Structure formats: structure tokens, C-alpha cells
Amino acid sequence: MIEVIEVSKSFNVGKVNQFDAVSRVSCRIAPGELTILKGPSGSGKTTLMTLIGCMARPSSGRIVLSGIGAGSLFGQQPDAEIEITSLPERFLTGIRRSAFGFIFQQFNLVRGISVLENVMLPAYPTGVNHKVLRERALTLLETFNIARHASSQVGLLSGGEMQRVAIARALINDPSVIIADEPTAHLDSRLSREFMALIEGFKSAGKTVLIASHDPIVFDSPLADQVIEMRDGALIDGSRP
Ligand SMILES: Nc1ncnc2c1ncn2[C@@H]1O[C@H](COP(=O)(O)OP(=O)(O)OP(=O)(O)O)[C@@H](O)[C@H]1O
């Protein structure tokens, strides 16, 4: 369970250009479910996801994670409740690495290294044996039908192929939560539907999925368990539970 309690995030605090990107947002994201964050550009979806994914800290409010295996980082039961907002940076980094997999709008693949190396990259800091890691990355590339490009440079791939590499990379540390920011923004309708089919597979595997999107193929999908709508940094009442 991810519990977001009265969370706000302001930028440029105390300056003339202070901006409240997220304002007193509360929501619950249940394990194994697909939650969609919907809303126009600039409504605060990405900001909220960076807070949930331990990439940034809220200005106020609390985020509590439980049942996602993060407890073992603290010598507690894996599924123990962890309040992430007050944690020192090194713990946030540990949770981000072990519990979350990220798929970004621009895919954020590293040019100049191979597809296989891109997929392996997020696992290097975990110290997993290189051979084991390589096998795991190859298996993921096979799962997403892209293994033949393992040694290609990412710059040579099509948009759909890049996205599948980005998905494989998000899964390399076997996260329990997948966070995707506008994952279909650069895909045509067919590839967007294929992406949703992959999401169905994540759900079947018991993963919790959070997607920010203003694409109807995503937010109108019958796979969505919860659609949370944002505007001007706040939640709109009547979001579809
Ligand atoms: N580091 C920052 N400093 C100042 N303002 C920021 C910062 N990050 C985000 N913002 C502002 O916060 C608002 C919310 O941005 P955010 O990226 O969360 O929206 P979004 O709903 O994800 O939009 P999009 O769909 O275009 O990605 C925007 O007006 C943005 O300019």
C-alpha cells in the first residue's frame, strides 16, 4: 500500500516565483492494482510521482509505504510500514532502487552504450554478480521480444523498441512498484495498446502500477483499478475509484 497524506510540494519557496506544484494531495494506491494519474499538462502528475518514487521530498505531508518489501532495508519485516518523507537520503536511494522501476516519457536511455548495458545499468549499484545480471537482462529482452537488438546502440531503435528497452530496464531490479510517466506519449495507437497489454502482464505478476497519462487509451483502459484526476496541483473530487 502507498498512502499519500496531505502531501504538498512547492518550488522556489520564499521567492517571488514560489510555485505550488502539488497541494494537499491525499490518496491510496493499493498493491497489485493499476492506478492512473490523469490531468492536463502542468497539473502536477510528474511531481507527485517523483515524491511517491522517492526521487524528491514533499514540502509537507507524509507518504507511507507498506507491503512493498522496503522494510528489509531497515532490518524489519520486508512488508513493514515505512514513512519515507522523513528518511535520510541514503535510505531513500535504497528504497528507490529496490522497490521502484521507472519508465520515463522520453525513455531516458543512455546513447553510446548498447541496449543490454542500458537494461543492466540500474542494477550496477546493487552489486549483483555481472554474469547473473547479464542473464537477467537478456531474459527481460527476450520477454519483450527485443533480444536481437541486445548489442545495438539505442539510437538505432524505433520508438516502440526504445520503449520496450525502457520497460526491461525498469524491471531489472524486480521492483514491486512500476511508475510510468506519459509512457505512450511517443507511441502510435497500436503501440500504445501493446503497452497496455504489457501492463496487464505486470498486474498478473502482482506488481503495483502507477501511470501518469492524458492518453485515453491509458486512462479509459478497463485495466485501471483507480483513476485519480489532478488539476492545478490538487485532486479533483469524483476521481474514479
Ligand atoms: N523544479 C521545478 N521548479 C519549478 N517549477 C517546477 C519544477 N518542477 C515542476 N515545476 C512546475 O510544476 C508544475 C507541475 O509540473 P508537473 O511536471 O508535475 O506536471 P505534469 O502534470 O506532470 O505535466 P506534464 O503532463 O506536462 O508532464 C508545472 O507548472 C511545472 O512547471
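1. In β9, which residue is the bridge partner of Leu 37? The partner is Ile 228. Before going on: this is a predicted model, where local features need pLDDT of at least 70, side-chain atom pairs count only at pLDDT 80 or more, and totals for chains, interfaces and linings use all residues. Residues are numbered from 1 along each chain as its sequence is written.

2. That bridge belongs to the pairing of β3 (34-38) with β9 (226-231), which is parallel over 4 bridges. Strands count as paired if DSSP finds at least two bridges between them; helices (H or I, at least four residues) and strands (E, at least two) are DSSP runs, numbered from the N terminus.

3. The open sheet has 6 strands in the order β6-β7-β8-β3-β9-β10, with mixed pairing. Because β6 (100-103) and β10 (234-235) are at the edges with a single partner strand each, one side of each has no neighbour in the sheet.

4. Helix α1 lies across β3, β7 (177-181), β8 (208-212) and β9, at about 150° to β8. Helix α5 (159-171) lies across β6 and β7, at about 165° to β6. Angles run from 0 to 180 degrees between N-to-C directions, with axes fitted to C-alpha atoms, for helices over the stretch in contact (C-beta atoms, placed from the backbone, within 7 Å).

5. Around the ligand are 14 residues, with Phe 11, Ala 21, Ser 41, Thr 46 and Thr 47 the closest (C-beta atom, placed from the backbone, within 6 Å). β2 (19-29) and α1 (45-52) are the elements giving two or more residues to this shell, and α1 has the largest share, 3 residues.

Notes. Two residues are in contact if their C-beta atoms, placed from the backbone, lie within 7 Å.
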